[in-house]
Amino acid sequence: MVQILYNEKNQFLNPLKQNNSHIYHLAKALNNKYHINSVVVFVQNNANNIDVSNVINLCDLKKYLSTYDDGTYYSYDEIDYIYDEIKNLDVKIKNRIHVNNIQKQQQLIRDGICPRCGAKLVERNGKNGKFIGCSNYPNCKFTKSI
Ligand SMILES: [Zn+2]
């Protein structure tokens, strides 16, 4: 991947574009109240041939952070606020993934496919009445009430 990055300028721009997208969404999550400084860090310290101001090597990160100063200072309350907002964002994303998974599972069941193993679902008769079960029983014990 590194060689591709050096040879193809357009390929190299992708991580920067991706980071810009992250910055955009992060700023939006913080109601665009804060300026967010974007920096791309190469963990394998191979960013030497890349002459872009916000691309640095991991070995330079500490120095970069300790000398970075755009004149902005935040109070502890503001830092707590930013921290909480980012933490809430994480919860929101996890909830969205969870909802997506449930929706996918429900679609599979509607299509008659076991969401656990991919086998066909069949209607079965149990002592408590009819239910949907996996045709792969007893290897798969997925059931759903009707
Ligand atoms: Zn199954």
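This is a short chat about the predicted model shown above.

Me: What is the chain built from, in helices and strands?
Reply: The chain has four helices and five strands.

Me: In what order do the elements run from the N terminus?
Reply: The order is α-α-β-β-α-α-β-β-β. The chain is more spread out than a compact globule, because its radius of gyration is 25 Å, well over the 15 Å that the globule rule gives for 146 residues.

Me: What does the C-alpha trace span along its principal axes?
Reply: About 70 × 45 × 20 Å.

Me: And how much of the chain is buried?
Reply: Buried residues are 3% of the 146 in the chain.

Me: Which contacts join residues at least 24 apart, as a share?
Reply: Counting contacts between residues at least 6 apart in sequence, 22% join residues at least 24 apart.

Me: Switching to α4. How many residues does helix α4 have, and how far does it reach?
Reply: Helix α4 covers residues 76-110, which is 35 residues. From first C-alpha to last, α4 reaches 51 Å, close to the 51 Å expected at 1.5 Å a residue.

Me: Is α4 well covered or hardly covered?
Reply: Hardly covered: among the 35 residues of α4, the count of buried ones is zero.

Me: What follows α4?
Reply: Gly112 follows α4, and the phi of Gly112 is positive, near 80 degrees.

Me: Now the sheet. Which strands are in it, and in what order?
Reply: It is an open sheet of three strands, ordered β3-β4-β5, and the pairing is antiparallel. The edge strands are β3 (121-126) and β5 (143-145), each of which pairs on one side only. From one strand to the next, the twist averages 35 degrees.

Me: What holds paired strands together in general?
Reply: Strands of a sheet pair through backbone hydrogen bonds, in either a parallel or an antiparallel way.

Me: How many bridges join β4 to β5?
Reply: Three bridges join strand β4 (residues 129-134) to β5, and the two run antiparallel.

Me: Which residue stands opposite Ile132?
Reply: Lys144 in β5 stands opposite Ile132.

Me: Last topic, confidence. What is the mean pLDDT of the chain?
Reply: The mean pLDDT is 85, and 90% of the residues reach 70 or more.

Me: Where does pLDDT stay under 50?
Reply: Over residues 1-10, where the model has five contacts beyond four places in sequence.

Definitions and conventions. Residues are numbered from 1 along each chain as its sequence is written. This is a predicted model: local features need pLDDT of at least 70, side-chain atom pairs count only at pLDDT 80 or more; totals for chains, interfaces and linings use all residues. The radius of gyration is taken over C-alpha atoms; the globule rule is 2.2 Å times the number of residues to the power 0.38. A residue is buried if 20 or more other C-beta atoms lie within 10 Å of its own, exposed if 12 or fewer, and partly exposed in between; C-beta atoms are placed from the backbone. Two residues are in contact if their C-beta atoms, placed from the backbone, lie within 7 Å. The expected span of a helix is 1.5 Å times one less than its number of residues. Two strands pair if DSSP finds at least two bridges between them. Axes are lines fitted to C-alpha atoms, for helices over the stretch in contact, and angles run from 0 to 180 degrees between N-to-C directions. pLDDT is the predictor's confidence in each residue, from 0 to 100.
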